Amino acid sequence: MTSWEHDGSGGPQGLATRQAATLKSLRATTMGRVREATAVMSREVMAAASSVARAVDGIYQHMGDVRSMLASVEGTDGNGGVAAALERHGTVLSHFSRSIANEASRQEAVASRAKEQIALIARAASDTANLTSAARLLALNARVEASRTHPSGAAFGVIAREMQQLAEQISRTNSIIDDVSRRLREDLPVVAESAQTLKKSAEGLREDLGASATEAEAQIHQLRALVRDAVARGDEDIGKILAASQDAMSHLQFQDVVEQSLLRLDRHFYVAQVEHAEETGLGDEIGLVDPPVHDEIGGDKAVDQENAGDVLLF
Amino acid sequence: MSPGGELITHNPLNAERTRNVAAKKVLVVDDSATVRQQVGIALKHAGFEIVEATDGAEGIARLDGDDAIGMVILDVNMPRMNGLEMLEAVKAGGKNAHLHVVMLTSEGQQSLIERAKKAGAKGWIVKPFKAELLVSAVKKLLAA
């Protein structure tokens with residue numbers, strides 16, 4: 001009887017069985033610890049990735065707001081923008097000053113024509129003054145004839161009264177015309193002068209607006225250039241931030257490599273357990289060995305780092 | 001990685017703006033939660049809608065239950081049904097056989113790439129992926 005038959009150790013078979021159990025325990029403990037560590041790492045990696053994603057979302061949102069704001073300034077948002085408002089304002093003022101100048105010119109022309117008409121009226125008044133004198137003379141002649149050819153001179157008396165009344169009426173009318181003409185001669189130059197002053201002011205305003213519009217146009221051009229530059233620089237910065245965030249995300253994928261290595265480690269344990277069972281004749285004890293979570297299709301080859309990131313389209 | 005397709009290179013400063021893309025639904029099949037999350041973030045920023053599955057079997061179930069899915073990003077090493085098995089099952093026939101499938105894996109073995117290509121995959125991306133390149137590849141395939 002060999003010593004192991006009564007020392008309770010079970011001999012080689014017992015030793016192999018204990019070794020198999022130890023291997024199983026070692027595998028379970030090691031893989032358990034590694035899985036715990038991997039799970040923690042996985043949570044942290046996902047939290048980090050979420051933070052990066054939130055930051056990128058925030059940047060996108062911010063840049064979207066900035067672009068909208070700049071578009072409203074530039075007027076590319078369909079609402080015209082500040083530049084277009086300034087242009088419209090300038091156009092309205094220019095039209096307004098032009099209409100004032102045109103109206104002033106028209107008033108000036110009317111005053112000028114009125115002045116000519118007054119001169120004609122003055123000449124007509126002068127003619128009627130002569131008519132008054134003639135009528136008075138005729139009235140005097142009629143009275144002389146009336147007194148000389150009495151009694152048939154009664155008719156001359158009537159004519160003399162009529163001629164006298166006509167002369168007085170013409171004289172009163174002439175007086176009124178003189179008065180109106182005098183007032184118009186006094187007022188019309190003032191009207192013409194006012195119209196001329198208004199016209200000069202309007203033309204001056206138009207010139208000022210023209211200069212101002214040119215300057216505003218230059219400012220608007222500069223503003224638009226600044227806006228476009230700001231948007232372009234923002235886009236470039238976003239591109240850099242996006243590239244940096246994508247790079248960070250790419251580095252966070254080490255977690256997947258760790259998980260792949262964990263599967264390989266588990267497979268190594270499994271192979272060791274199977275080999276041990278076969279070498280020690282514990283074939284029937286293979287039931288102690290749990291298969292790996294899943295076979296790696298690529299076998300035991302190391303993770304491909306050389307071609308990492310490559311994209312091959314067929 | 002050996003040739004046999006168009007290799008897309010990385011240039012972040014010339015990055016195409018990833019906004020304003022018509023929303024399309026992409027199925028991401030990967031047993032790693034972190035990879036699903038990071039693929040999801042990259043594609044969501046590009047305007048895509050994401051559906052997730054943790055292995056090939058769940059991936060096929062998702063495809064069968066959602067006709068709006070337009071493309072599949074597929075890991076290779078997964079429990080229950082690996083990515084190549086799912087690819088071969090999808091491409092074997094049925095209503096989803098026309099879908100574009102891009103493999104996303106840490107594997108770079110030529111034999112696996114050839115197997116995927118033969119099965120009908122449209123691309124192979126080696127992890128860790130660069131978001132910009134992934135998005136470019138997805139856009140290119142969906143536009144084709």
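This is a predicted model: local features need pLDDT of at least 70, side-chain atom pairs count only at pLDDT 80 or more; totals for chains, interfaces and linings use all residues.
Because B:Glu52 belongs to strand β3 of chain B and B:Arg36 to helix α1 (residues 33-45) of chain B, the pair ties together parts that are 16 residues apart in sequence. B:Glu52 counts as partly exposed, at 34% relative accessibility. B:Arg36 is buried, since its relative accessible area of 12% falls under the 20% cut-off.

Another salt bridge in chain B joins the side chains of B:Glu49 and B:Lys25, at 3.9 Å from N to O. This pair links distant parts of the chain: B:Glu49 is in strand β3 (residues 49-53), B:Lys25 is in strand β2 (residues 25-29), and 24 residues separate them. B:Glu49 is partly exposed, at 43% relative accessibility, whereas B:Lys25 is buried, with a relative accessible area of 16%.

Over all chains, the count of salt bridges comes to 17. One of them is formed by A:Arg182 and A:Asp179, whose closest N and O atoms are 2.5 Å apart. Side chains of opposite charge can pair when their charged atoms come close.

A:Arg182 and A:Asp179 are three residues apart in helix α4 (residues 154-252) of chain A, so about one helical turn separates them. An α-helix has 3.6 residues a turn, and therefore residues three or four places apart point the same way. A:Arg182 is partly exposed, at 36% relative accessibility, and A:Asp179 is partly exposed as well, with a relative accessible area of 28%.

## The fold of chain B

Chain B contains five helices and six strands. Starting at the N terminus, its elements follow the order β-β-α-β-α-β-α-β-α-β-α. Chain B has 144 residues, and 54% of them count as buried. Among its contacts with a separation of 6 or more, 67% come from residues 24 or more positions apart. The accessible surface of chain B is about 5600 Å², and carbon and sulfur atoms account for 52% of this area.

## Helix α5 of chain B

Helix α5 (residues 131-143) of chain B has 13 residues, which at 1.5 Å a residue should span 18 Å; the end C-alpha atoms are 18 Å apart, in agreement with that expectation. The helix is mostly covered, as ten of its 13 residues are buried. The buried residues include B:Leu133, B:Leu134, B:Val138 and B:Leu141, and also B:Glu132 and B:Lys139.

Technical notes:
Residues are numbered from 1 along each chain as its sequence is written. Chains are lettered from A and ligands numbered from 1 in the order in which they are written. Side-chain values use heavy atoms; hydrogens and water are left out. Helices (H or I, at least four residues) and strands (E, at least two) are DSSP runs, numbered from the N terminus. The expected span of a helix is 1.5 Å times one less than its number of residues. Buried means under 20% relative accessible area, exposed over 50%, partly exposed in between (1.4 Å probe, protein chains only). Contact means heavy atoms within 4.5 Å. Accessible areas come from the Shrake-Rupley method with a 1.4 Å probe; for residues, only the protein chains shown count as cover. A salt bridge is a side-chain nitrogen of Lys or Arg within 4 Å of a carboxyl oxygen of Asp or Glu.
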